[in-house]
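Welcome, and please open the model in your viewer. Keep the selection tool at hand, and we will go from stop to stop together.

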Amino acid sequence: MTPAQAGEIAALCGWIFNCDYRRLMDLCPVRTHVLAYDDGRLVSHALWLDRPLRIAGGPWTGAAYVEGVATHPDYRGRGYASAVLRRLQQEVS
């Protein structure tokens with residue numbers, strides 16, 4: 001990921017979630033981002049990372065944790081988030 005892409009992600013997700021998303025991105029450096037662009041503009045984003053998961057005191061197992069799913073309001077309802085999540089599923093598999 002380029003610094004420009006990281007900045008675009010931080011701006012989009014920070015605006016959507018009303019937070020300092022750049023700080024959140026820096027908490028876990030190993031993650032996979034999936035991005036959707038329209039005419040060079042980042043319009044949708046999702047990421048996944050490995051997280052340990054344990055149910056009811058059972059054994060720990062690895063899980064794909066999905067977060068940062070965001071689509072610019074002007075582009076909602078056009079299938080961008082669906083496409084991003086389909087691609088994310090392919091990356092996890």
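A charge counts as sitting over a ring if NZ of Lys or CZ of Arg is within 6 Å of the ring centre and within 35 degrees of the ring normal. With that in mind, and remembering that this is a predicted model, select arginine 51 and tyrosine 65: the arginine lies over the face of the tyrosine, at 4.1 Å from the ring centre.

Next, select residues 3-17, which make up helix H1. Its 15 residues reach 21 Å from the first C-alpha to the last, close to the 21 Å expected at 1.5 Å a residue. Now colour Ala6, Ile9, Ala10, Leu12, Cys13 and Gly14, which are buried in H1. What covers them? Show helix H2 (21-27) along with strands S1 (32-38), S2 (41-53) and S3 (61-71), which are included in that cover.

For the last stop, go to the loop between S3 and helix H3 (80-92) and pick tyrosine 75. Which residues does tyrosine 75 contact, leaving aside its neighbours within four places in sequence? They are Asp38, Arg41, Val43 and Tyr80. Aspartate 38 is 37 residues away along the chain, yet the two C-alpha atoms are separated by 8.9 Å.

How values were computed:
Residues are numbered from 1 along each chain as its sequence is written. This is a predicted model: local features need pLDDT of at least 70, side-chain atom pairs count only at pLDDT 80 or more; totals for chains, interfaces and linings use all residues. Side-chain values use heavy atoms; hydrogens and water are left out. Helices (H or I, at least four residues) and strands (E, at least two) are DSSP runs, numbered from the N terminus. The expected span of a helix is 1.5 Å times one less than its number of residues. Buried means under 20% relative accessible area, exposed over 50%, partly exposed in between (1.4 Å probe, protein chains only). Contact means heavy atoms within 4.5 Å.
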